[in-house]
Every structure is written in structure tokens, then in C-alpha cells.
Amino acid sequence: MWPFDAVDWLMLLVPVAYLFIMIGSLTVFLSLYRKRQAAAASSLEPWFPQHLQRNIYLSLLHQEDPKVPDSILKAALLRRATEDIHRIVQIRNAKQALQVLLQRGSVGDDLWKRFERAEKEIEEELRDVVQEANAFAPNWGQSIFQSASEMAQNNHIRECLDEILAKAPKESQWWNSRRAEIQGSFMKELDEEKIRSREGSVAGTGSVVGTPAASVAGSVMGEDAVMVESPSGKKKRKGKK
Amino acid sequence: MEAADTFTLLPLQMDDATGTVSASGPANNALNTELAALNALHRGLLNVETSTGTPPPPVPVNPKRSAQIGKLRESGNAEFRKGNPAAAVKLYTLAIDMALQRPHWEPSGLVREEVSGLLSNRAQANMAQQNWAEGSVDAEASVEMKRVGNAKGWWRRGKCLLEMGRLDEAEQWVKQGLEFEATEQDLVQLRDQIESRRNGQISAV
């Protein structure tokens, strides 16, 4: 038998205690560190605001009394998928720029962490939507994001168009007043010219003045449409101003 | 966004008779807008002709609407050729509305193509009536929908701006257009016109 009494138990306790203290303090430190990290990560502001469409969809899905019909749920799911498309596009656009900024040290580590979390979340969200879609109709999961991306695009197109076409009334109002202005000044000049030339040839008597002026105005009225059309006429007006 | 397994329960209620969803509690603006969009989409979804009631994949397009739009455009063109631009504008407007009423899950590229052509035609019909302001807006919208291969759209807005005497804008616009359509003869000519007009103006002053 190994001589137990030859071992000095007291002296052996020293390295054992050393090991115990080292390992123990390391574990305590690690667990504290992890906890703090997790707290910091969860207190980071989320990348995206609340997913309203997802909340609506899930609220409707969980409504019991009365049950919401499938058609509304499908519509809500499509809306949710459309919002997801917006988010994916944002994430993709932001990723490269953010990587560059991070490498240069222009942005903090926190931002990158938030971004990575958003990326993970959106992946899960996509998987979830596909599953839900497949539950409604077989194979809808394959096409729901195609439809959703077209919907996002179509919404964008219509917004753009509405914005541009809404300018039409204002523009035409502006042009009408501008045209009237141009016409007015043009006619006035014509009148003045005529009067001047008449004054030059006939030293105008009071009784005659009324009629020719009226006839001049009439003839100008007849012509004015043409005058405004012809670019050269208009240009002269503008040029002389 | 919240974690994957939680969500915020929103106070929603459904009207059985009309099949619309509305907020039952206090609602903010965003929620109301979203619900309106949802109800609109739902109404559109009810007319879908698939067995499952889900929108079909975008690619095979329902030919009915395309045919109707094509017809309206043709009759608009015919009116324009007959020298009746006011009627043509009306027909083009109808066609544009119809193209924009396509269900949103149909290909957006198709909508762009159609609407751009129709707007360009409407701009021409407006120009024929000397409605330069309307023409310029239509042509701008047409270009917005389709920038490449839309030399007519570029030219038409440039021409309208020139006719309205907005030389600076016209010059800017045509320059931008030439970046896309550098070889287009009409655009080059228009630029020269604008330049000569500008020079004339300066010498007149």
C-alpha cells in the first residue's frame, strides 16, 4: 500500500486551494461578464421600429371571437411580407457601407451589433412568413415574396406618379397667368405702337381716336392666340423686359 | 422588432358584414393607414381567380387587362391622328387609370412600361393643344417611369419647357436627357434651339 502517512496533507492543501481560488474566481468573472454582455445587447436599440404589419397579422390570427376569415389573414400576411421586403432592401443597402465604416473605425461596435441582430431577426422573420404562407396554401411560400416585392415596387411607382401628376394643376395655373401676362404686355405695346404711328401721321382728332383703337384691339385679339404660340414673338417680349 | 416568439397584441376588431378590420381601441395614425391599406388589399384579394385565394405568382399576367389597355391606347391614337387631341387625352387618361389599377402583385415592370408609353402619348396630345404645362408634367412622369429608351419623353418635356420660356429648366432637362440618349438627333437639335434662343435673349437685353 502506498504510504499515506508520508504525505504532508497540510502542505498539499496549498496548491489545491490555489487551484480552487483561481478556477472559482475565473468562473465568477465569466458568468458576470456574460450576464453583463447579454444585458448590454438586449438594451441596444433595435435596428428597425416595431413591425406593425406583423403585429396586426398575429393579433388577427389570435383573435378568437369571432374568428377572422382566411382571406383577411392572407391579406395581412401579404402586407407583412411587403414590409419584410422593405426591411431586407434596407439591410442589404446598409451592409456594405456599414462594413466599410466599421473598418475605418467611423462607427462604434454597438451599431454593428445592432445590425447583426437585425439581420438575424429578419432571417427568422422570412422563414416564419414562408411557413405561414405554406400553411394557407401549398407552395404559396415559394411565390409570396415575389408577389410582395412586386407589391413594394408597385406602391413605390404609384407614389412617385401621384407626386408628379399632382403638380399638373399648379403648373397649368402658373402657365395660364404667365400667358395672360405676356399677352397683356404684348397687346399694350402693340396699342402704344399703333397710337404712336397714328399720332405721327394724322395729328389725332378726339372723335377719331375711339374707333381705330377699338379696331386695333379687335385685330390683336384675333391674332393673340397665334402670337403666343409662335415662340419668336414670345421671346421678343421676354427679351425686352 | 421584438423577439421571434412575442408580439404586441393590437386592439383590432372585425366587422362581419363588410369584412373590414378596424381598430377598436385608441389608434394612432400609422395603425389606421396600415389598416386601410390592409382592407384595400383584402378587397383586391377577394377578386383573385385562383383556387386557393392567394395571389398568383407575378409572371403569367392576366391578359384581359392588357388587352383593354391596348384597345384604349389604340383608340386614343386614332383620335389623335384624326386631329382630335382633346378626345385622345381623355382616352389616354382612361388607359392610364386602368393600368394603375392593376393588382399590385402583378409585375411592376409591366406597369412602368405601359404607363410610360401612355403618359408620353398624353403629353403629345396635350402639346398638340398647346397645353404646355400639362404636357410637361406628363412627359416628366413618363420619364420617371422609364428613363432609358424614352427619348420622346425627354424631348417632349424639353420642348414644353422651351415653349413656356423656362430656358434654364429646359437646358438642364435636355442635358440630363442627353446623358441617357446621347445619340438622339431630336434631343441634340432641341439643345441647339435652346442655346440659340438663349443667345438671342442675351443679345436682345
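How many residue pairs are in polar contact between chain B and chain A? The count is 12 residue pairs, with both residues at pLDDT 80 or more. The legends below describe close-up views of this predicted model.

**View 1. The contact between chain B and chain A.** Chain B contributes 66 residues to the contact and chain A contributes 60 residues. Between them the two chains bury about 5,500 Å², with 64% of this area on carbon and sulfur atoms.

**View 2. Salt bridges between the chains.** The count between chain B and chain A is 3 salt bridges. One of them joins the side chains of A:K167 and B:E140, at 3.0 Å from N to O. In B:E34 and A:R79, which also form a salt bridge, the closest N and O atoms are 2.9 Å apart. This pair crosses between chains, running from helix α1 of chain B, where B:E34 lies, to helix α3 of chain A, where A:R79 lies. Are B:E34 and A:R79 buried or exposed? B:E34 is buried because its relative accessible area is 7%, under the 20% limit for a buried residue. A:R79 also counts as buried, at 15% relative accessibility.

**View 3. The largest nonpolar core.** This core has 34 residues, and A:I56, A:L60 and A:I144 touch the most other members. At least two residues each come from α2 (52-61), α3 (70-104), α4 (109-136) and α5 (140-165) of chain A, and from β1 and α1 of chain B. The element that gives the most is α3(A), with 8 residues. Leaving aside residues up to four places away in sequence, A:I56 touches B:L10, B:L12, B:L31, B:E34, B:L35 and B:L38. Apart from this core lies another, of 23 residues, including A:I164, B:I96, B:L119 and B:M145. In soluble globular proteins, nonpolar side chains tend to be buried together.

View 4. Chain A has 8 helices and 0 strands. Of the 241 residues in chain A, 32% are buried. Among its contacts with a separation of 6 or more, 73% are between residues 24 or more positions apart. Within helix α6 (residues 168-201) of chain A, A:E181 and A:R178 lie 3 residues apart, about one turn of the helix. Their side chains meet in a salt bridge of 3.1 Å, N to O. A:E181 counts as partly exposed, at 47% relative accessibility, whereas A:R178 is buried, with a relative accessible area of 14%.

**View 5. Further salt bridges.** Over all chains, a search of the whole structure finds 18 salt bridges. In the salt bridge between B:E114 and B:R102, the closest N and O atoms are 2.8 Å apart. B:E114 lies in helix α4 of chain B and B:R102 in the loop between α3 and α4 of chain B, so the pair ties together parts that are 12 residues apart in sequence. B:E114 and B:R102 are both buried. In chain A, a network of salt bridges links A:R54, A:R80, A:E125 and A:D128.

Notes: Residues are numbered from 1 along each chain as its sequence is written. Chains are lettered from A and ligands numbered from 1 in the order in which they are written. This is a predicted model: local features need pLDDT of at least 70, side-chain atom pairs count only at pLDDT 80 or more; totals for chains, interfaces and linings use all residues. Side-chain values use heavy atoms; hydrogens and water are left out. Contact means heavy atoms within 4.5 Å. Buried area is the accessible area (1.4 Å probe) that two parts lose on being put together, summed over both. A salt bridge is a side-chain nitrogen of Lys or Arg within 4 Å of a carboxyl oxygen of Asp or Glu. A polar contact is a pair of N or O atoms within 3.5 Å; within protein, one must be able to donate a hydrogen and the other to accept it, and residues adjacent in sequence count only if both atoms are side-chain atoms. A nonpolar core is a set of buried Ala, Val, Leu, Ile, Met, Phe, Trp, Tyr and Cys residues joined through side-chain atoms within 4.5 Å. Buried means under 20% relative accessible area, exposed over 50%, partly exposed in between (1.4 Å probe, protein chains only). Helices (H or I, at least four residues) and strands (E, at least two) are DSSP runs, numbered from the N terminus.
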